[in-house]
Amino acid sequence: MEVLQLSNVSLNLDGIQILSKASVNVEEGTIHSIIGPNGSGKTSLINCATGYYRPDDGSVFFKGEDITYFKPNKVARIGISRMFQHIQIVGELSVIDNVMLGKHVHLQYNTLQALLFYGKALQEELKGRKEIEEILSFLMLGEFKDRIAGSLPYGVQKRIELARALATHPQVLILDEPTSGMTRQEKQ
């Protein structure tokens, strides 16, 4: 079954044709790679798939549903997550709080509960933190959980970015140059 489909996607940015009728079909349980030189449109294609760009022509489907005009937060909520090419962490927050940002697309409580931090808000936050700690442990980030993310080495920050993407419980995980700028040891 095709879980993600980009069909004849074209994109023009500032008068430059970035994508022309690009098509990608991703079946459930498969791994794909987009290979091309710098400036060939790889990140632009990912941006179309995740709602950061709206294609000028063509369509994006997730499990048969047209999501071409979905905003990025809705794309994440339905099950497509991404790791950015350039680190997008909040440097002033702790590692665990950065990863919790990914979890928040699924939290369900109202503004009053959030402000007073009681009831469902407290329960979901505690449950979410437990899940996040498991992800941090899996990515060998547990020792950094309370540290300020921006003070950590680049390779650790890249793993924080991956942890946040995993926190959304994606059905499709898109990694945009996940190991660029990392040392050989960090890549392993």
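Val 95, Ile 96, Asn 98, Val 99, Met 100, Gly 102 and Lys 103 are the buried residues of helix α3. Buried denotes a relative accessible area under 20%, exposed one over 50%, and partly exposed a value in between, with a 1.4 Å probe and protein chains only. Helices (H or I, at least four residues) and strands (E, at least two) are runs assigned by DSSP and are numbered from the N terminus. The model is predicted, with local features requiring pLDDT of at least 70 and side-chain atom pairs counted only at pLDDT 80 or more, whereas totals for chains, interfaces and linings use all residues. Residue numbers start from 1 along each chain as its sequence is written, and side-chain values rest on heavy atoms, with hydrogens and water left out.

Helix α3 spans residues 95-103 and is mostly covered, with seven of its nine residues buried. Helix α1 is largely enclosed by the rest of the structure, because seven of its eight residues are buried. The buried residues of α1 are Lys 42, Ser 44, Leu 45, Ile 46, Asn 47, Cys 48 and Ala 49. Their cover includes the strands β1, β2, β3 (57-62), β5 (80-83) and β6, together with helix α2 (72-78). Gly 51 follows α1 and has a positive phi, near 85°.

The empty space at the protein was also examined. Rolling a probe the size of a water molecule over the atoms shows where such space is left. On a 1 Å grid over the protein atoms alone, a pocket is an open set of points with protein on both sides within 12 Å along at least five of seven lines, whereas a cavity is a set of points where a 1.4 Å probe fits but cannot get out; lining residues have an atom within 4 Å of a point. Grid points are joined across faces, edges and corners, and the volume is the space filled by probe spheres set on the points. The largest pocket has a volume of about 630 Å³. It is lined by 25 residues, of which His 32, Ser 33, Leu 173, Ile 174 and Leu 175 are the closest to its centre. At least two lining residues come from each of β1 (2-13), β2 (16-27), α1 (42-49) and β6. The lining of the largest pocket is made up of 14 nonpolar, five polar and six charged residues. In this division Ala, Val, Leu, Ile, Met, Phe, Trp, Tyr, Cys and Pro count as nonpolar, Asp, Glu, Lys and Arg as charged, and the others, Gly among them, as polar.

Asp 176 lies in the loop between β6 (172-175) and α7 (184-187). Its relative accessibility is 3%, so Asp 176 counts as buried. With neighbours within four places in sequence left aside, Asp 176 is in contact (heavy atoms within 4.5 Å) with Thr 43, Ile 46, Arg 82, Met 83, Phe 84 and Gln 85. The side chains of Asp 176 and Thr 43 also make a polar contact at 2.8 Å. A polar contact is a pair of N or O atoms within 3.5 Å; within protein, one must be able to donate a hydrogen and the other to accept it, and residues adjacent in sequence count only if both atoms are side-chain atoms.

Ser 23 is a residue of strand β2. It counts as partly exposed because its relative accessibility is 46%. Beyond its neighbours within four places in sequence, Ser 23 is in contact with Leu 6, Ser 7 and Asn 8. A polar atom of the Ser 23 side chain lies 2.9 Å from the backbone nitrogen of Asn 8.

A salt bridge is a side-chain nitrogen of Lys or Arg within 4 Å of a carboxyl oxygen of Asp or Glu, and five are counted. One of them joins Asp 97 to Arg 129, with the closest N and O atoms 2.6 Å apart. Asp 97 belongs to helix α3 and Arg 129 to helix α5 (residues 120-138), so the pair ties together parts that are 32 residues apart in sequence. Asp 97 is partly exposed at 27%, as is Arg 129 at 25%.

Another salt bridge is formed by the side chains of Glu 133 and Lys 145 (3.2 Å, N to O). This pair links distant parts of the chain, twelve residues apart, with Glu 133 in helix α5 and Lys 145 in the loop between α5 and α6 (154-166). Glu 133 is partly exposed at 37%, and Lys 145 is partly exposed at 24%. Glu 161 and Arg 164 form a further salt bridge through their side chains (3.1 Å, N to O). Both residues lie in helix α6, three residues apart, about one turn of the helix. Glu 161 is buried at 1% relative accessibility, and Arg 164 is buried with a relative accessible area of 12%.
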